[in-house]
Amino acid sequence: MHLADGAGVLPLFLLAAALHELGHALTLYLAGGRLDRLTLTACGAVMRCRLPEGRCARAAVCLAGPAASFLLAAAAMAAGAYVLAGASVLLGLFNLLPMPPLDGGMALAHLLDGRLPRARRGIALAAALAVLALGLGLARIGGGVWLLLIGIAVSVQAGKSLAKRPVPV
């Protein structure tokens with residue numbers, strides 16, 4: 001464990017991720033949807049669910065995870081838990097990127113309800129390229145390769161998601 005996480009940040013990211021997913025699940029329940037399965041993967045969590053009716057309700061479920069992340073960050077800052085706050089902010093901001101399967105990309109897909117597929121693809125491509133460029137830049141200056149690896153994984157998933165159908169449901 002210490003070889004990969006000598007600073008002990010991983011448990012804080014896992015706590016932030018759990019509360020992020022709880023935000024999705026709570027909003028899903030309140031909006032009338034149903035959670036069928038939650039699967040943890042190397043790239044994050046995948047929720048299989050029955051979404052509520054209405055594009056705004058579906059987008060709200062998508063955006064509830066980042067909202068929960070920012071609420072946790074505010075609470076952690078107030079309590080002096082700055083590393084937890086930072087982890088939660090990073091998780092929330094990353095998930096707001098406008099590329100599926102991330103929350104921002106999914107919310108955008110639901111809000112546009114199948115409209116502007118080329119614009120959505122272009123936005124997702126720009127976001128993917130920005131993450132990859134930032135990851136490559138950090139790797140080149142000795143900041144590690146994690147963001148680059150995550151960027152590659154998310155970009156592949158975004159490409160698969162965009163190739164399948166315009167609005168993932």
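Me: Where does D36 lie, and how is a strand assigned?

Reply: Helices (H or I, at least four residues) and strands (E, at least two) are DSSP runs, numbered from the N terminus. D36 belongs to strand β1, residues 34-41. The model is a predicted one, in which local features need pLDDT of at least 70, side-chain atom pairs count only at pLDDT 80 or more, and totals for chains, interfaces and linings use all residues. Residues are numbered from 1 along each chain as its sequence is written, and side-chain values use heavy atoms, with hydrogens and water left out.

Me: Is D36 buried, exposed or partly exposed, and what are the limits?

Reply: Buried means under 20% relative accessible area, exposed over 50%, and partly exposed in between, with a 1.4 Å probe and protein chains only. D36 has a relative accessible area of 37%, and therefore counts as partly exposed.

Me: Which residues does D36 touch, not counting those up to four places away in sequence?

Reply: Contact means heavy atoms within 4.5 Å. By that rule D36 touches R48, C49 and R50.

Me: What joins the side chains of D36 and R34?

Reply: A polar contact is a pair of N or O atoms within 3.5 Å; within protein, one must be able to donate a hydrogen and the other to accept it, and residues adjacent in sequence count only if both atoms are side-chain atoms. The side chains of D36 and R34 meet in such a contact, at 3.4 Å.

Me: Which helix holds H24, and what surrounds this residue?

Reply: H24 is in helix α1, residues 10-30. Its relative accessibility is 4%, so H24 counts as buried. Its side chain makes a polar contact of 3.2 Å with the side chain of H20. Beyond the neighbours within four places in sequence, H24 is in contact with M47, V61, C62, A64, G65, P66 and D103.

Me: How does the whole chain read along the sequence?

Reply: The pattern is α-β-β-α-α-α-α-α, made of six helices and two strands. Of its 169 residues, 33% count as buried.

Me: How many residues of helix α4 are buried, and what covers them?

Reply: Helix α4, residues 103-112, is mostly covered, with eight of its 10 residues buried. These are D103, G104, G105, M106, A107, A109, H110 and L112. Their cover includes α1, α2 (55-78), α3 (82-95) and α5.

Me: Where is a cis peptide bond found?

Reply: The cis bond joins P100 and P101, with omega about 10 degrees. P101 lies in the loop between α3 and α4.

Me: Which residues make up the largest nonpolar core?

Reply: A nonpolar core is a set of buried Ala, Val, Leu, Ile, Met, Phe, Trp, Tyr and Cys residues joined through side-chain atoms within 4.5 Å. The largest one has nine residues: L97, M99, L102, A124, A127, A128, V131, V154 and A158. Two or more residues each come from α5 and α6, and α5 gives the largest share, four residues. Another core lies apart from it, with seven residues, among them A16, L72, A76 and L84.

Me: Which residues is S88 in contact with, leaving aside neighbours within four places in sequence?

Reply: S88, in helix α3, is in contact with A16, S69, L72 and A73. Its relative accessible area is 0%, so S88 is buried.
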